[in-house]
Amino acid sequence: MDSTLFIIGVIGNIISVLVFISPIKTFWRIVWSGSTEEFEPAPYVLTLLNALLWLYYGATKPDGLLVATVNGFGAAMEAIYVVLFIVYAANHATRVKTVKLAAALDICGFGVVFVATTFAINELNLRIMVIGMICACLNVLMYGSPLAAMKTVITTKSVEFMPFFLSFFLFLNGGIWATYAVLDRDIFLGIPNGIGFVLGTIQLIIYAIYMNSKVSQSSKEIASPLLASIQGEAASHV
């Protein structure tokens, strides 16, 4: 691997780790209160699937070590978040919903992709292409998830529901992995992370516009900030 590419990949891994651990404050609150309150499990379940697929992609692709390692870490973190969500579910319906989502997406969904590409596709390059397309499509969907948060900020004129550091790290994450993808000529990494970089830029612009609004200041007294998602948070974590 080219040294420049390796250095950029290492930087990308560091930023991705910061994105993966960004919900820790939220889950500390969940454990402390003993309830998931109004938080939704879907973002964490989807991000776990995303990390598992990118882990598989990195493990399958030659020189994909950096992609595999950071998403291996991400998969472990997201699995912990999902388990905590099940343990501290606010009610039985939330617990059942979380279990069903995790079983359908993280176990069955990933299992189908793994089995189908491993046993039905013998040619390595074709297998990499199929896995990459699946990962890229999911990443685009996850990178689009912050659009709802941006709409909320514009409507309420409050940035309370768009945590700055999460948005900032997602912006950096998209930019560094898009750069990595260009140097590595990897279209499957490039397209979703390029989109993520653009959306991250828009988020920061919107944050700058509304960060000093009176509504944002007063809302601190009546609402606690919620992490609506890892936003592909994720999500895009590569």
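Predicted model: local features only at pLDDT ≥ 70, side-chain atom pairs only at ≥ 80, totals over all residues.

Colleague: OK, how many helices and strands does the protein chain have?

Modeller: Ten helices and zero strands. Reading from the N terminus, the order is α-α-α-α-α-α-α-α-α-α.

Colleague: And what share of the residues is buried?

Modeller: Of the 238 residues in the protein chain, 48% count as buried. As for contacts with a separation of 6 or more, 83% of them are between residues 24 or more positions apart.

Colleague: Where does UniProt put the transmembrane regions?

Modeller: The entry, which is unreviewed, lists residues 6-30, 65-89, 101-122, 128-149, 161-183 and 189-210 under "transmembrane region".

Colleague: What does the model show for residues 6-30?

Modeller: That span is 92% helix and 0% strand, with 37 Å between its end C-alpha atoms. Residues 65-89 are also 92% helix and 0% strand, and there the end C-alpha atoms are 35 Å apart.

Colleague: Switching to packing. At what angle do helix 2 and helix 4 pack?

Modeller: About 25°, with the axes 11 Å apart; helix 2 covers residues 24-33 and helix 4 covers residues 65-87. An angle under 35 degrees counts as roughly parallel, so that is what helix 2 and helix 4 are to each other. Their crossing is left-handed.

Colleague: Which residues make that contact?

Modeller: From helix 2 you have Ile24, Phe27 and Val31, and from helix 4 Met77, Tyr81, Leu84 and Phe85. Some of those names come back in an aromatic cluster made of Phe27, Tyr44, Tyr81 and Phe85.

Colleague: What about helix 3 and helix 5, how do their axes cross?

Modeller: At roughly 15°, and the axes come within 9 Å; helix 3 is residues 42-60 and helix 5 is residues 92-120. That angle makes helix 3 roughly parallel to helix 5. The crossing of helix 3 and helix 5 is right-handed.

Colleague: Which residues are in contact there?

Modeller: The helix 3 side includes Leu46, Leu49, Leu53 and Tyr56, and the helix 5 side includes Leu105, Asp106, Phe110 and Thr117.

Colleague: Back to aromatics. How many aromatic pairs are there in the whole structure?

Modeller: A search finds 13. One of them is Phe171 with Phe197: the ring centres are 5.1 Å apart and the planes are at 25°, so the pair is stacked. It links distant parts of the chain, with Phe171 in helix 8 (residues 164-184) and Phe197 in helix 9 (residues 187-210), 26 residues apart.

Colleague: Is Phe171 buried or exposed?

Modeller: Buried, since its relative accessibility is 18% and the cut-off for buried is under 20%. Phe197, at 34%, counts as partly exposed.

Colleague: What sort of pair do Trp177 and Tyr180 form?

Modeller: An edge-to-face one, 5.0 Å centre to centre with 65° between the planes. Both residues lie in helix 8, three residues apart, which is about one turn of the helix.

Colleague: And Trp177, buried or exposed?

Modeller: Buried, with a relative accessible area of 0%. Tyr180 is buried too, at 1%.

Key: Residues numbered from 1 in each chain as written. Heavy atoms only, no water. UniProt positions renumbered as here; feature names shortened; annotations may be inferred. Helix = DSSP H or I, 4+ residues; strand = E, 2+ residues; numbered from the N terminus. Phe/Tyr/Trp six-rings, centres within 6.5 Å; stacked < 30°, edge-to-face > 60°. Buried < 20%, exposed > 50% of the residue type's maximum accessible area, 1.4 Å probe, protein only. Axes fitted to C-alpha atoms, helices over the stretch in contact; angles between N-to-C directions. Parallel < 35°, antiparallel > 145°, perpendicular 65-115°, else oblique. Left-handed = near helix turned anticlockwise from the far one by under 90°. Contact = heavy atoms within 4.5 Å.
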